[in-house]
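Let's take a friendly tour of a protein model, one piece at a time. Have a look at the structure below, and then read on.

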Amino acid sequence: MKGEATMASSSALRTGDLRSAARRGSASSAGYRRRMLRRGVGRVGTHVALLAISAFALAPLAWAISSAFKSDTEIMTNLSIIPSHPTLEHFKVVLSESDFGHWFLNSLLVAGGTTFLAIVVGSLAGYAMSRWRFRGRGLYGNSLLVIQMFPGVMLAIPMYLLLTKFHLIDTLWALLVTYLTFALAFSVWMLKGYFDGIPREIEEAALIDGTGRLGALRHVILPLAGPGVVTVAVFSFLLSWNEFFFAYVFLASDSKFTLSLGLYSFIQQFTTQWGNIMAAGTLATLPVLFFFFLLQRSLTRGLVAGATKG
């Protein structure tokens, strides 16, 4: 009898343990499902928010491109993104009846020159600040940062006086010097941060093999700092390509107009040629989009890595 009672008791305990384990498993499974549901809802919410932000950011660009294919009357009456009667008239006017090609070439010369000089000068200055300790090093680096603190409007008059003294007003050189002034602060500090993260042993090995300082910088350091160089190139190009204020102040001749001033010329005293502005703006945006998407991966790596260096 005692054995049967013991066996019955043991069986009851096992049954209770199994039921308890089942309840715990059921509760754990329910908790897991709730966590997965919350995680799924969070992901959906995040994607919806990102799509909304992207739509908000792209809406002006989409509306501008759409307006470029609308007639002047439809621009004022049809608010839809899709044109009712698409037309290429505005593109024909911009390309054949304006100096768009000349404006484009001027902008390309200024933006390309600014980008090239920002990379060259920024590399040399950043390399010197990274590798050597010299008198005035801190003052030089801080002065570059101080330049970024002042708005462009505040620097317009002194820069105008300096450029007038050197007979550079109404020339593309005036824009090149001005844009380079603002691009160098970012370029030097960005590249310095990359050079700081490159081990000196790699450079010393190149020097032992007979490569000079400039050779080591060109063939060893700059390739390793590739994402940083791309970031500097994109920043400098966009800065000079989109700038309007200094071009408006320093340039007077139509032959020296950049794209930003060229687009402004479509705003006349009594009328605004919205269709032509949108068509020219669309054409001016295409090189920037191509340049950006071509270097997008390197740009992303450069910004992320640059934020953690230096």
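Predicted model: local features only at pLDDT ≥ 70, side-chain atom pairs only at ≥ 80, totals over all residues.

As background, side chains of opposite charge can pair when their charged atoms come close.

Is Asp196 buried or partly exposed? Asp196 has a relative accessibility of 35%, and because values between 20% and 50% fall in the middle class, Asp196 counts as partly exposed. Both Asp196 and Lys192 sit in helix H7, which covers residues 172-196. They are 4 residues apart, or about one turn of the helix. In total, the structure holds 1 salt bridge.

## The chain as a whole

Now step back and look at the whole fold.

How many residues does the protein chain have, and what percentage of them count as buried? The chain has 310 residues, and 35% of them count as buried. Among contacts with a separation of 6 or more, 73% are between residues 24 or more positions apart.

## Helix H8 against helix H9

Next, find helix H8 (residues 200-208) and helix H9 (residues 213-224). Two packed helices are described by the angle between their axes and the distance between the axes. Here the axes of H8 and H9 come within 10 Å and cross at roughly 140°. H8 and H9 are therefore oblique to each other, and H8 passes H9 in a right-handed crossing.

On the H8 side, the contact is made by Ile202, Glu203, Ala206 and Leu207. H9 contributes Arg213, Ala216, Val220, Ile221 and Leu224. Sorted by class, this contact has 7 nonpolar, no polar and 2 charged residues.

## Helix H4 against helix H9

H9 also packs with helix H4 (residues 100-131), at an angle of about 100° and with the axes 12 Å apart. How are H4 and H9 oriented to each other? They are roughly perpendicular, because an angle from 65 to 115 degrees falls in that class.

From H4, the contact uses Ser123, Leu124, Tyr127 and Arg131. From H9, it uses Arg213, Leu214, Leu217, Ile221 and Leu222. By class, the contact of H4 with H9 has 6 nonpolar, 1 polar and 2 charged residues.

Note on methods:
Residues numbered from 1 in each chain as written. Heavy atoms only, no water. Axes fitted to C-alpha atoms, helices over the stretch in contact; angles between N-to-C directions. Helix = DSSP H or I, 4+ residues; strand = E, 2+ residues; numbered from the N terminus. Parallel < 35°, antiparallel > 145°, perpendicular 65-115°, else oblique. Left-handed = near helix turned anticlockwise from the far one by under 90°. Contact = heavy atoms within 4.5 Å. Nonpolar A, V, L, I, M, F, W, Y, C, P; charged D, E, K, R; others polar. Salt bridge = Lys/Arg side-chain N within 4 Å of Asp/Glu carboxyl O. Buried < 20%, exposed > 50% of the residue type's maximum accessible area, 1.4 Å probe, protein only.
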